[in-house]
Amino acid sequence: MSTLAHDTHHDHDHKPTGLKRWFFSTNHKDIGTLYLIFALAMFFVGGSMAMIIRAELFQPGLQFVNPQFYNSMVTVHALVMIFGAVMPAGVGLANWMIPLMIGAPDMALPRMNNMSFWILPFAFALLLSTLFMEGGGPAGGWTMYPPLVLQTGNAFPFLIFAVHFLGISSIMGAINIIATVFNMRAPGMTLMKMPLFVWTWVITSFLLIASLPVLAGGVTMLLTDKYFGTSFFDAAGGGDPVLFQHIFWFFGHPEVYILALPAFGIVSQIIPAFARKPLFGYSSMVYATASIAILSFFVWAHHMFTVGLPIKGELFFMYATMLIAVPTGVKVFNWIATMWKGSMTFETPMLFSIAFVILFTIGGFSGLMLGITPVDFQYHDTYFVVAHFHYVLLTGAVFALMAAVYYWLPKWTGYMYDERLGKIHFWLSLISSNVLFFPQHFLGLAGMPRRIPDYNIQFADFNMISSIGGFAYGITQLLFVYIVIKCALGGKKAKALVWEGAKGLEWSVPSPAPFHTFETPPKLTKAMLEH
Amino acid sequence: MKGNSKLKSSFHKIILALLLMPFAAIADWGLNMTQGVTPISQEIYDMHMLTLWVVTIIGILVFGVMFWSIFHHRKSKGVKPAKFSHSTTVEIIWTIIPLIIITSLAIKATKLLIKMDDTSEAQVTVKATGSQWKWKYDYLDEDLTIYSVLDENSTEVSQLNSGKDPMQSENYLLDVDEPIVLPINTKIRILTTAADVIHAWWVPDLGWKRDAIPGYINDNWAVIEKPGVYRGQCAEICGKGHGYMPIVVKAVTMEEYTAWVSEKKLAQAAEKNTSEMVLTMEELMTKGESVYKAQCLACHQANGQGIKGVFPALVKSPVAVDSDKRLIHIQQIILGKNLMPAFGEQLSDVDIAAVTTYERNAWGNDTGDIVQAKEVSEARPQAKAN
């Protein structure tokens, strides 16, 4: 496909300036930067909603918001964090790094790349505008279960179309990644030589393409139920409210891995670099990732054990869910075996990666517990679940994204970030996020349901501790913004090979990476293909 | 200032509790799952503890190896990195061992699940119907129905900036006006369903929760072994009142249960027969206020202002003040409208009369209207015909 590679870089060293550069960009690095900045902004929007939630839960009684607004905070926080922060951050990294890692000049479909980014601000403008409407934002939970979601007022069509747009954006992004990886690898970069980050993104892209249209179908059925007199989900009209849950979670469970697999990829890049030792079990990592992705389509009903599935269904979904522990275990063991007998140093990216391995595994443990159907009847829809998925998504996915930013920031900006501040950011994040989420395990086990604005006094102490951790975590992230801006503005010059033990093509280009890279495919030596 | 001292005392409590944590009443802090009061809840607790110990031990081993490596295999100690990158034997071992562990957990879980699934031969059957935001219980063998809503004290304290301290009431948000009464040492079948949106019926001490879904009837069972009061909550988001529809189960001996049933039936029959009751304005207002607090306040708010764009205000609302809309007002309470549920079945004539009177005279509505039970009783067949 080298002809394609020639066609896409017609404007050589010429780089557009001003607004044109950003609005009309077809450059994978600029679009990657846009994605990352957008994700960071949304991280703060979603984060401020989390602060409102934690402020309300600081003490029993209602102090700040009414229950309806509280519910809309819970709902929109989740949608913003999932679709606005974690997914775009992952796509941003993919945009920046995949072409650099496989020796391609750009993404395969640069104009579509521009469009898939620029849909996002409009989608979130739709979604967030609902908070200012009469009747407020969507408040039935991000899972949008009918019939409750059908009680949403004017916000309802905005919610549905925002979800449609987000889906379209993600599907286009996924198509682009698949097209790039299958067509634009430098000669010699065979599939089984690709860095693991690229592998995890290819697999994630297939998950996106397979699962998002299902969600789009589900929410369209909600739309017609509300406005066009259908009754897909209305029992009174012969429909079935549980059908929506099947549709939603057929998307929703793969979605969990859409958020997690790129994180696995990031950590698989960083740990070998700082252990100065090749990744242990490369091919088993690839196969484990693929197995997790395939299994993720067969476990959706473990989110629905309490809806009253037939017992055979409950058993099937319990077994399938527990089975995921095996490939996930393989990955964790591989990371530890990579560290084993390495020569480790502990710069900020490595610290975040190690924390990821531990805390994601804790989230995995609670996940295994939740997968056991009879006990899930107690855990389901309590704070135990809230603790579980925040361990997986915040101290899991978000920690890995932080690690990735620190790891590649010198390559992007050409300057080293402030290592001392980076380490402070890490330790504060580590401590505060655990103060925030660990007590929520206890709250859930003791019987506190999720998505309630107020609670019995027996839950008061742990909620207060959790809130304190929440505020501390929130404030700590301002430090992250400061570190990133400081690094973008200047500092110690970064070399091409920023980290002594790092492997891969991205380190063969200068720092900052020039606007156009690999305009002619690089000649790959054996050493360059080590991981 | 009061808020401040409350905050301070909570902080002191936290610090004190952290200091005493290893020794003192960890139970007070609600750290772990309840063992409950049924044989099944005990087994679920055991299964939970078994899994918890399994993952804890795995965690200690795996992270132990990792930290050993982190402390010993570091560059600052002059370690030269090894070169190995795979080992088929090791990889097979760490695939097989987890498989064995999860298989043995799965076998135990399967047995328990099959046991839980058997709802046959129940002696008492209660159908719990969730609606926004209360529970209705039908005792199917007894022709008895009760409604259960959040108690008045919790309703008052839980209003936004109520100025009342929730710490004063032990059962804040976990108390209802009318608990459901169940006999002990009896196989009780609990059916769950819903009238509007999805709810979930959950009493942790019984060991399970089950969704209440419109159009579905789910069944579950429990044998309560210890008399007592067991509290739970709705566990599926169901709108703004989701946090305010608790469940209270009072478990008593079979004799007490039978006595309660017949007493309840008599009391209900008497209550149903209120159409001839004539009350003074004052009596109607007092009664009306308490009915309003229990049934109407969650949406229309304590001040009758509702919530803009969601729940209409009653203050100066034509339905609640215009004299020619008096009948429509009564009928709307009986039949419901849009999101508002029908109260005709749940409330007696005198209750509806009282709450109508209250709404037409409270918050400056001051119509001076007095609605008596007879008027409601006459409005009922008319309401149905409409």
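How many residues does the contact take from chain B and from chain A? The contact takes 88 residues from chain B and 82 from chain A, with two residues counted as in contact if their C-beta atoms, placed from the backbone, lie within 7 Å. This is a predicted model, in which local features need pLDDT of at least 70 and side-chain atom pairs count only at pLDDT 80 or more, while totals for chains, interfaces and linings use all residues. Residues are numbered from 1 along each chain as its sequence is written, and chains are lettered from A and ligands numbered from 1 in the order in which they are written.

On the chain B side of that contact, α1 (2-20), α2 (39-72), α3 (88-117) and β7 (208-212) each supply at least two residues. Helices (H or I, at least four residues) and strands (E, at least two) are DSSP runs, numbered from the N terminus. The biggest giver is α3(B), with 15 residues. By class, the side of chain B that touches chain A splits into 49 nonpolar, 25 polar and 14 charged residues; here Ala, Val, Leu, Ile, Met, Phe, Trp, Tyr, Cys and Pro count as nonpolar, Asp, Glu, Lys and Arg as charged, and the others, Gly among them, as polar.

Turning to chain A, its secondary structure comes to 16 helices and zero strands. The C-alpha atoms of chain A fill a box of roughly 65 × 50 × 45 Å along the principal axes. Of its 531 residues, 63% are buried, meaning that 20 or more other C-beta atoms, placed from the backbone, lie within 10 Å of a residue's own. Among contacts in chain A with a separation of 6 or more, 83% join residues 24 or more positions apart.

Helix α12 (residues 348-371) of chain A has 23 of its 24 residues buried, so it is largely enclosed by the rest of the structure. Its end C-alpha atoms sit 34 Å apart, in agreement with the 34 Å that 24 residues should span at 1.5 Å a residue; the expected span is 1.5 Å times one less than the number of residues. A:Val267 touches A:Phe356 and A:Val357, and also A:Trp335, A:Ser353, A:Ala400 and A:Ala403, leaving aside residues up to four places away in sequence.

Back in chain B, α6 (residues 281-295) should span 21 Å for its 15 residues, and its end C-alpha atoms, 20 Å apart, agree with that. The buried residues of α6(B) are B:Leu284, B:Gly288, B:Val291, B:Lys293, B:Ala294 and B:Gln295. Their cover includes α4 (152-157), α7 (297-300) and α10 (349-361) of chain B.

How values were computed
A residue is buried if 20 or more other C-beta atoms lie within 10 Å of its own, exposed if 12 or fewer, and partly exposed in between; C-beta atoms are placed from the backbone.
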